[in-house]
Amino acid sequence: NFYNGDPIKAVQLIEDFGSKFQSGEIQFWQGYIYTNLGRYLKAIEALNISEKLGNKSVDLYTFKGYNYLYLTNYRKAKKAFENSICIEKNADAYNGLALALIRLGKDVDVALAIIDKALSIRFDSDFLYTKSAVVTELASQSVNHKDSLFNVALQLLDSAMDIEYLPYMY
């Protein structure tokens, strides 16, 4: 139902099902739906229940991380992404960790290395946007190379937009 255009019905169904059967899997999907609806606090509640019921998956921690990012709780986001990466090195968690680090206003060089790890796993326009944000942050802190770093950030944005709008090949 969620992908057929009726997310409210999907939430009702999964809440109904979740109240009858406590399962880490059901609670995870409830959190997933809440995330897609922009209900980040509800998503975190569902994901926390899923974790307490034994779900310790990469996806659980990655979703928790992004929900915390959306809520601007960067410390908890950082911890969730680190938990995800401890289970399995994955591009989405590396991307989120880089975002959390630059939002915390520290470790920009580390964030740049982390986003490069994400890009080495999967070349994705979202990761290029993150790299552009990291380079922009580096530029704002730089005294000597400000203009050249801003140019690099703009080139990354252009590349990301080119990838995003490539026609699909069949």
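**Notebook: helix packing in a predicted model**

I began with helices α6 and α7, and I found that α6 passes α7 in a left-handed crossing. I note that the model is a predicted one.

**Entry 1: α6 and α7.** I looked up which residues make this contact. From α6 I listed Ala91, Tyr94, Asn95, Leu97, Ala98, Leu101 and Ile102, and from α7 I listed Val110, Ala111, Ile114, Ile115, Lys117, Ala118 and Ile121. Sorted by class, the contact of α6 with α7 holds twelve nonpolar residues, one polar and one charged. I then turned to the geometry. Two packed helices are described by the angle between their axes and the distance between the axes. Helix α6 covers residues 91–103 and helix α7 covers residues 108–121; their axes come within 8 Å and cross at roughly 160°. Because angles over 145 degrees count as roughly antiparallel, α6 is roughly antiparallel to α7.

**Entry 2: α5 and α6.** I next examined helix α5, residues 74–87, which packs with α6 at an angle of about 155°, the axes being 9 Å apart. α5 and α6 are therefore also described as roughly antiparallel to each other. Their crossing is left-handed. On the α5 side I recorded Tyr74, Ala77, Lys78, Phe81, Glu82, Ser84 and Ile85; these meet Asp92, Ala93, Tyr94, Gly96, Leu97, Ala100, Leu101 and Arg103 in α6. By class, I noted nine nonpolar, two polar and four charged residues in the contact of α5 with α6.

**Entry 3: Val134.** Setting aside neighbours within four places in sequence, I found Val134 in contact with Ile102, Val108, Ala111 and Leu112. Ile102 also belongs to the α6 side of the contact in Entry 1, and Ala111 to the α7 side. I also looked up Val134 and Ile115: they are 19 residues apart in sequence, and their C-alpha atoms are 8.5 Å apart in space.

**Entry 4: α2.** How many residues does helix α2 have? I found that α2, residues 24–36, has 13 residues. From its first C-alpha to its last it reaches 18 Å, close to the 18 Å expected at 1.5 Å a residue. The helix is mostly covered, with ten of its 13 residues buried. I listed the buried residues as Gly24, Ile26, Gln27, Phe28, Gln30, Gly31, Tyr32, Ile33, Tyr34 and Thr35. After α2 comes Gly38, and I recorded its phi as positive, near 80°.

Terms used
Residues numbered from 1 in each chain as written. Predicted model: local features only at pLDDT ≥ 70, side-chain atom pairs only at ≥ 80, totals over all residues. Heavy atoms only, no water. Helix = DSSP H or I, 4+ residues; strand = E, 2+ residues; numbered from the N terminus. Expected span 1.5 Å × (residues − 1). Buried < 20%, exposed > 50% of the residue type's maximum accessible area, 1.4 Å probe, protein only. Axes fitted to C-alpha atoms, helices over the stretch in contact; angles between N-to-C directions. Parallel < 35°, antiparallel > 145°, perpendicular 65-115°, else oblique. Left-handed = near helix turned anticlockwise from the far one by under 90°. Contact = heavy atoms within 4.5 Å. Nonpolar A, V, L, I, M, F, W, Y, C, P; charged D, E, K, R; others polar.
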